[in-house]
Amino acid sequence: MAPSGQDLPWEEIGARKREALLASIPPEWRIPADLLPPETQDSVIDWPETSGWLTTDELVVTSLTASELVAKLAAGHLKSEAVTTAFCKRAAAAHQLTNCLSETCFDRAIAAARARDEHLARTGKPIGPFHGLPISLKDSFYLRGLDATLGFASHVGDAAESDSALAELLEGAGAVLYVKTNVSTAMMIGESVNNVFGRTVNPRNRQTTSGGSSGGESALIAFRGSPLGVGTDIGGSLRVPAACTGIFTLRPSVGRFPVRSTRSGMPGQEAVHSVNGPMAGTLRDLELYCRGVLGEKPWLRDPRCLPFPWRSIELAERLRIAVMWHDGMVRPTPPVSRVLKEVASKLRSAGHDIVEWDPVDQRHGADLLGRMFVADGGTAIRREVERTGEPWRPELEAYRIAKELGVFDMWKLHAERTEFQNRYLDRWNTASIDAILCPTMAFNTVRNGYFKHVGYTGVFNVLDYSCLSFVTGLAVDKDIDTSDFTHQPLSPECKAIHEEYDAALMHGLPVSLQLVARRLEEEKVLAMGQCVLEALSSGTTGGTGA
């Protein structure tokens, strides 16, 4: 932990914090200079397997899914200490190659893992549903003795005195907490970049972003430095980074998972609520997490949690899914548009009803989100920036220039939000649909520093709908997904995004999509996601689906 040094320049505060983070990595887990890939090497996703730095046992353990690990740990086939050590080492490598971590607590983790092993040996029983499983956390979750800077120099040295409610729950359920991950300043940028730790990059192509604000988590999990992590989402901060790096995530509705004792970049902002949810390499691991957390009755730890245990869901054999081809503001880039058509076609071939969703309301939803975010005139962020004199990130310009709303105008904004939610629900019910299938983002990912537009995710935060970002198994093909300038751009932002699209840079990178269910339908959206994956794994596409 770096000293706060609030009388120091912000540059010095950040430098000391970065030095302290690197010093927390044991010398034996620092990559030798001769094994470091050159900075010009774009992909480091296969580095653990090709470098020879990890042992065969470490590679085997860190290749297992969370579900596979939990089963082997609970049965005593693997020791938590060995598993935790392997993931600590791989997480250390991930940080050195992608700059994905913000904090480590390796000693705490190894001690906890050893205690899990001793308990199992003594009693023959595992500790809870996550017995011995390493789980990573986004920087905003408090862990005692560690900072939660949210990328602000002003928060450096402000170590937490106790753990967040979720951290306590996870440890009580057998999990081992070992790292926290980098975020964007105030967690309000679509890429994970800040003035303290710098930029987290995508291990699949380091010229591209890992997304934000949970981009440290997404980079770590994609690199297999974590089998399961927890991020947060207020406008897409789970789904955007998951899609950028090709992993799965669930954006739950407000009240399903505990938020008590977590740090916010805009504390007290409740016009649109932040939620937290799991990020993992498989859909099954998302359900493992949800069942495990809700089985621990989080509503007894956090008054904001709803007393809803995990519920069994039986889906109709024939789902009715509405496809939103674009959001009326930005058309998807060629690979996203192609994959959306292919997935819709697969679902139709599998016997599901595919209809079109009119994006008529999306622009209003995005406008509401933007106005709610800056309703305080940027005061919450400005206060922290000014404490150390650190510069405003250019991505936060809307907050820097915002004008504060009065109470009455804020009430009117709340009323407008409620009317929007009512209208959207009525349209949904009239269409009798089970879900909306749409892009997670207008692109698969973007070059570092070029992220624009959270409309595809943020509107569903305003609605508080349950959303799954899922890996389609399809990738960008530079020979097929060439730039298309024949269509009319829907906005200046749309024009810029398509002009910046680089098929050669994106070639081979995964394409994800989003499946949206109604509020508090987490069980249903995961079950429907499984149906989509099954449809994708069978047969060939039957047409364009357009």
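This is a predicted model: local features need pLDDT of at least 70, side-chain atom pairs count only at pLDDT 80 or more; totals for chains, interfaces and linings use all residues.
Q: What's the mean pLDDT of the chain?
A: The mean is 96, and 97% of residues reach 70 or more; pLDDT is the predictor's confidence in each residue, from 0 to 100. Over residues 540–546 the pLDDT is below 50. That stretch has 19 contacts in the model beyond near neighbours in sequence, a contact being heavy atoms within 4.5 Å.

Q: Which residues does the "domain: Amidase" annotation cover?
A: Residues 83–526, according to an unreviewed UniProt entry; UniProt positions follow the numbering used here, feature names are shortened, and annotations may be inferred rather than shown by experiment. Over residues 83–526 the chain is 37% helix and 16% strand. Helices (H or I, at least four residues) and strands (E, at least two) are DSSP runs, numbered from the N terminus.

Q: Switching to packing: how many residues has the largest nonpolar core?
A: It has 94, and Leu170 and Leu437 have the most contacts inside it. Such a core is a set of buried Ala, Val, Leu, Ile, Met, Phe, Trp, Tyr and Cys residues joined through side-chain atoms within 4.5 Å. Buried means under 20% relative accessible area, exposed over 50%, partly exposed in between (1.4 Å probe, protein chains only). Helix H5 (residues 80–98) gives the most to this core, nine residues.

Q: And what does Leu437 touch?
A: Not counting residues up to four places away in sequence, its contacts include Ile321, Val323, Leu340, Leu347 and Phe470.

Q: Which residue stands opposite Leu437?
A: Val323 does, with Leu437 in S13. S11 and strand S13 (residues 435–439) pair in the parallel sense over three bridges; two strands pair if DSSP finds at least two bridges between them.

Q: What about S11 and S12?
A: Strand S11 (residues 320–323) and strand S12 (residues 353–356) are parallel too, over four bridges, and Arg320 is opposite Asp353.

Q: Last one: is Ile45 buried or exposed?
A: Buried, because its relative accessible area is 15%. Ile45 sits in the loop between helix H1 (10–23) and helix H2 (47–51). Leaving aside neighbours within four places in sequence, Ile45 contacts Pro203, Arg204, Ala222 and Phe223.

Conventions. Residues are numbered from 1 along each chain as its sequence is written. Side-chain values use heavy atoms; hydrogens and water are left out.
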